[in-house]
Amino acid sequence: MWRAGRVLSWRLPGEGAARLCFGIPPKPSSSSQSNSSPRPKAEKLRRRREREEAILSSQHSVNKAVKWSEKQKIVYTTPTPAGTKKDTSSLFPSSYSPEYVESSWYQWWEKEGFFRPEQHRLSHSVDQTFSLCIPPPNVTGTLHLGHALTVAVEDVLVRRRRMQGYRVLWLPGCDHAGIATQTVVERRLLKEGGKHRQDFTRQEFLREVWKWKNEKGEEIYQQLRALGASLDWSRACFTMDPGFSRAVTEAFVRLCDSGLIYRSEALVNWSCALESAISDIEVDSKELSGQTMLSVPGYENKVEFGTMLTFAYPIEGHDGEVAVSTTRPETMLGDVAVAVHPDDPRYQAVHGKQCRHPFTDRLLPIIADSMVDMELGTGAVKVTPAHDHTDFLLSQRHSLPRLTVIGGDGTMTPSCGQWLQGVKRFDARQLVVDALVEKKLFRGKKDHAMTLPVCSRSGDIIEPLLKKQWFLRCDEMAKKAIQAVEDRQLEIIPHYYTKTWKNWLSNISDWCISRQLWWGHQIPAYRVELPNSADKQEEHWVWGQSEDEARQRAAVRYGVKPEDITLTQDPDVLDTWFSSGLFPFAMLGWPEQTTDLQRFYPNSILETGSDLIFFWVARMVMLGTELTGQLPFKQVLLHSLVRDKHGRKMSKSLGNVIDPLDVIHGVSLERLQEKVKEGNLDPREQLVAMEAQRKDFPTGIPQCGTDALRFALCSHKMQGEDISLSISQVLSCRHFCNKMWQALRFTLGVLGANTTPVATLEETCAVSSMERWICSRLYSTVVQCEQAFEAYELHTVTSALYSFWVHSLCDVYMVRSRTLTLHYGVRARQVASSVLYHCVSMSLALLSPFMPFITEELWQRLHALCLQPYPCSSQLAHWHFPEEERDFLLVQEVIRVARSLRSQCRMTKEKPAMWAVCSPGQAQILLHFGSAVRTLSRISSLHIHCPQRADLFSVHSTPPPEGSLIGVVDHTCQLHLHIQSGMNIENQMVQLSQRRDKLVPKLEKILGRVQSPDYLTKVPAHVRQQMDTKVWQLALTSIKTRR
């Protein structure tokens, strides 16, 4: 992958080097990356450097960090045995405390079995199922905000369906993470006992791994519980469990029998530190701008990368030479040819000639191939098939030998000669350069921007090596996966990923599924040794569910007695992604036709990060279709990546990962920085990470709670846009929790003062204008949520719920209710109490999937809230009053402008008179909602003046008095606030003048856009209407501020 930009050339005066180009796109699973597009890489590196410099410089001020003050921590102290229902009979605390709220509920939900599909016995149950599996996190891992987003989104979908009466199964699971787990255990054994894996037998080492898994494996499940994930823990699945392991063996055997799995020699991504092939997903790309010294496992001193070295090959029987530019001179021992384009006139005379290798004396043929781009450089390239993917293709076309010069342990092979045999590859690099200098073949070295592939598990530099491995043929399965999407049997959301899906699968390579590890599913294939076999080099393989089955298969295949056969099981294990690809059906008991498999397969949906569309999603679709004859799920919902506030992808290698538990419980800056130091970061990256923490969290991260974190994550548009989550957003959601808390305290106070029972929802009919409005607002909110859920636009749902709760229910309806309920008659008070009750209770139900803890705490009935029906618009059809909603938009704008005028005058307790100069239609609305306008605007009286039709409102037709403070609602409505005596007029004039100075530039900017030539043709009508209103407001306000 990392031989980016290696250039090989015929050394001619005044000419540069040539590089290899291809007429077909590179295979996605290949580990080679071309450097034919240095600009994007350089641009990516430049942007990363700019972000780092911004963090390290004073431009990124500490003042922009999240500001918060320590809140009073209230703890739930009532003795509550684990699994018993929390006592909510005591008085509510005065303010919201996540520590208090989140206590005890989850244990009760779990013990009562609310998360199991067997709970499907509710009165509102429907005969439909909803199933999905959680993307199994690594058993070695800890959750980060990417996991938290996945959990939040999936739990919202699951809880809503459960409340709708579906039979719901959300399966938890954990991945054995072959490389990651083995690496962690090896480090532990080395640290605690000074022993390496090779000091144990395989079985002894596996016992150590299982011991570690049993100690640490439950930690990630506890983290999922802390996030409120309503998973069915009774069905928790681990990919190394006996049942799952049987499914993996069955899958391998079936795929071998069908000819889809085969064994072959090919180039693979190889980690010399692990001595194993690794998958593309486990390779990190490290961008280098030039010469860089890096630490490499197994080397005491740092190793130089990011340089291009040039040396010459003499032409046999010719005066010329071939100049080779490479970033890896140690691999020149494996060069077997030089390639040129057949139509290149410069090289017609040298076709078929040979170069002399300076160390091995081997002759390298000059071959002609149309894959060479003769327009680039000198048009000549060298070929190293055993250590480069593109050169491997050339070797296949020209029957070239493949010389392996670096072994699996990272040392040079005997074929290099005694002077290099056993030398570590990067130590050999300098020896080769010194030898080239001695032979006067060295031509120079220069800085070279490149991409270096690094093993994400070991930190080792990836080496492409030629190895015999097991491969899975993917072309036919890929075609079926493409067809499923084109035939709309499988829906990918967002839909623009369908193009990416087709492009990737159309160019897919066969998948290397074997790994040279001890921890994992040992490949159920056996090498067969036949009696009296003369050719010991020839390999014979069989496979089976067990060794006995494999022996019987071998006896039938080779026509010998079973007892005469010697079998040796392949010591390799299967790629972790192979077993993960079976997850949707293996977790349900496949290959057995279990009740769960028949009821819940295919899954309803798969939800995961967009970065896993190929490595996991595509493989699940291919394997599921092949092995079960069905697609594993009907929909794929992909969310975007979570980035830090600086736009950087959250990564352990950058040290910017935020543990969601630190957001939930709070953490000090000191502890955050300790975590960075515990990682294995480059010194500069550690410096950048710690400085970013110091500036972003100078006093640590406040305790925000699970509900606030979940709501904040779901409030981002997750389809198509990367999510840049800041802690200040989560803190704002905690403030929202407190708003809900205070709202319920008020509601309970109103209900407690009402001696009449609350009417049912069907019996509750709004009477007054304000009640009709709030009821209709709830109806519209439910409709908006229904539509957004259908499109999986959770950010629209959260926005609608927040807007209703805060801006309609709390800031308007409850504020007005405080002053009026005591003056209502018995019947009016009963209606008002019922409306308030149902608005609050239904709002809590709507919010429950997003914020399960606080909604459960605030609303307890005979059953848990998570088992209540999810509100639907059909329940509220009798509450829909669209004209009230439409008219109240004017009322809200009047109230906003009136409050702004009061703020300008610094009024606190005063209640001045106010005139509304408006159109007759607006006057009707303001009279209809007059009580609400007076209460919410905090004015003593409202006078309405209609210059156009004064006769309609004779009692209110008096013009506003001179000297009033004027506010603009729109181009037909102005408010005049009568300034009381004692107001400092001069100060007001200064403020108005300053305000006008700010308004004029805004007005000029908008007018510039409105007056552009293509404004009418390109801007939608509704946007133009909004702009026109804004222009009127700014223009009139600007005029009034001159008075």
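What follows is a short exchange on labels and the values behind them.

Modeller: This is a predicted model, where local features need pLDDT of at least 70, side-chain atom pairs count only at pLDDT 80 or more, and totals for chains, interfaces and linings use all residues. Residues are numbered from 1 along each chain as its sequence is written, and side-chain values use heavy atoms, with hydrogens and water left out.

Biologist: How many helices and strands does the chain have, and what makes a run count as one?

Modeller: The chain has 32 helices and 34 strands. They are DSSP runs, numbered from the N terminus: helices are H or I with at least four residues, strands are E with at least two.

Biologist: What makes Phe585 and Trp590 an edge-to-face pair?

Modeller: Rings of Phe, Tyr and Trp (its six-membered ring) pair if their centres lie within 6.5 Å; planes under 30 degrees apart are stacked, over 60 edge-to-face, and the rest tilted. The structure holds 34 aromatic pairs. In the pair of Phe585 and Trp590, the centres are 5.2 Å apart and the planes 85 degrees apart, hence edge-to-face.

Biologist: Why are Phe585 and Trp590 called buried?

Modeller: Buried means under 20% relative accessible area, exposed over 50%, and partly exposed in between (1.4 Å probe, protein chains only). Phe585 has 0%, so the label is buried. Trp590 has 4%, so the label is again buried. Across the 1043 residues of the chain, 55% count as buried.

Biologist: What makes Phe789 and Tyr870 a pair, and of which kind?

Modeller: Their centres are 6.0 Å apart and the planes make 85 degrees, giving an aromatic pair that is edge-to-face. Phe789 lies in helix 23 (residues 769–790) and Tyr870 in the loop between helix 26 (852–858) and helix 27 (882–904), so this pair ties together parts 81 residues apart in sequence. Phe789 is buried because its relative accessibility is 3%. Tyr870 is buried because its value is 7%.

Biologist: How do you know that the charged end of Arg619 sits over the ring of Trp511?

Modeller: The test is that NZ of Lys or CZ of Arg is within 6 Å of the ring centre and within 35 degrees of the ring normal. The charged end of Arg619 is 4.0 Å from the ring centre of Trp511 and counts as sitting over the ring. The charged end of Arg159 also sits over a ring, that of Trp109, at 4.9 Å from the centre.

Biologist: What is the omega of the peptide bond from Trp590 to Pro591, which is called cis?

Modeller: Omega is near 10 degrees. Pro591 lies in the loop between helix 15 (583–586) and helix 16 (595–600). The bond from Tyr601 to Pro602 is cis too, with omega near 0 degrees. Pro602 lies in the loop between helix 16 and strand 27 (603–609). Most peptide bonds are trans, and most residues other than glycine have a negative phi.
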